[in-house]
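The sequence and model are shown first.

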Amino acid sequence: MPISTFMGLHTSLRGLLAEQRALDVTSHNIANASTPGYSRQQAQMQATNALVVPPAGLLGTGVDVVAYTRIRDSFLDLQFRAQNMQVGNGTARADTLGQAELRLSEPGDNGIAARLNSFSSKWSDLANAPESGAARGALIEDAKTLVASINALDEGLATVATQAGQELSQMTASGGELDGMARELAGLNGAISDSQRVGAQPNDLLDRRDLLLDKLSNMAQVSVADNGAGSIRVTVGGASAPLVDGTNVTWPPPAMPTPGGKMGALIDASSSTGTLASFRTDLAAFAQALTTQVNAIYNPVAGMDFFTYDASISRLSIDPGVTAANLRAGTGATGDNSTARAIAQLSGSTGGADGLYSQLVTRIGSEVADAKRTTINATALSGSIEDRRQSAAGVSLDEEMTNLIRFQRGYQAAARAMTTTDTILDTLINRTGRVGL
């Protein structure tokens, strides 16, 4: 079989084009070295079909770029998203619990513990001077401060829960963060499917989709299934129906039995049965115990309660009938201080109300410490997995510079081969047959 005289030129041209494409891919990698979510790419070269030249056999015809491969480890993606969900949950939980802890102001001069000590001290002062108007007035004012502190803490915890609910509502509202991600994922599904249908490799679109899935995993538990043809199905929070299926978005989002992530923490914080609600329940139990214990001593002597507690609105107050003028330190006999002494002795007693408050403070501190510890551990694991992902998918500038030199040398060699072939052809065409030259 005859071989074209120009075959060498064509073979060299294939080499030039392949090396040029490899250089373009390397330049693209370098340009996106700092782009979040970018996966490095490679130009996959393959020898073109050989030419049958009997009787010699097969003659190579050069090289071609058959694919632009995106370097990505899907297993590491799954691991990262699982840990990223824990990071999102722990961070949001630590934030809301931290705000609750700030409302305590413990330990400190403005906390309820200090107010309880001062309240007990004022009863002791009254016991020492049962006829003193100043001691009576100071006790009433101190009791008002204690009541205000307890009510303020309850309101503060309620505010933290309300803010968590508002943040969750904004996140899941139409046009919110979740809605925006879902619709962009659906759009990317369509664009990727269209590109693959015509034989293209939309690596940058795939990177964008993976980056969105990473961000979504911080918000909630994410499950991804392949629909084929470049399309995926995304289910959030263990829902029975997908949030995104191809180019379709289910909105409002399906119910999430196991939301996880940031959304799970916000749901717990804003729930009437969540952690913050249980703090308020413990605080109410403390306020009720304080009311019951003080009234049990004061009422039989004074004929009226000292504190009142309205459980329907979780509010503590001083009985309206109690004033500095009619405050009773004892039975009414001159110098009797039995009531004041008994109430003062409630502080630190076994089963006292201050013990319930100490338990609440300890519990909140423990919950905050646990949330922070969980977040630190999850962040460390997430960072470790991300390092492994980057070792595979990340761009190494040193490696890319080496590739630049390698592909440049290949391009130069292909160009020299083309020049040599051109010189041979020039001699063959223009000089053959010219005797003596």
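The text below treats the salt bridges and then the sheet.

The model is predicted: local features need pLDDT of at least 70, side-chain atom pairs count only at pLDDT 80 or more, and totals for chains, interfaces and linings use all residues. Residues are numbered from 1 along each chain as its sequence is written, and side-chain values use heavy atoms, with hydrogens and water left out.

A search of the whole structure gives 25 salt bridges (a side-chain nitrogen of Lys or Arg within 4 Å of a carboxyl oxygen of Asp or Glu). Three of them are listed here.

| Pair | Closest N to O |
|---|---|
| Arg 40 and Glu 399 | 3.6 Å |
| Arg 208 and Glu 184 | 2.7 Å |

Arg 40 and Glu 399 form a salt bridge; Arg 40 lies in the loop between α1 and β1 and Glu 399 in helix α11, so the pair ties together parts 359 residues apart in sequence. Helices (H or I, at least four residues) and strands (E, at least two) are DSSP runs, numbered from the N terminus. Arg 40 is buried at 12% relative accessible area, and Glu 399 is partly exposed at 34% (buried is under 20%, exposed over 50%, partly exposed in between, with a 1.4 Å probe and protein chains only).

Asp 194 and Arg 197 are 3 residues apart in helix α5, about one helical turn. Asp 194 is partly exposed at 43%, while Arg 197 is exposed at 60%.

The open sheet has 4 strands in the order β5-β6-β7-β8, with antiparallel pairing (two strands pair if DSSP finds at least two bridges between them). Its edge strands are β5 and β8.
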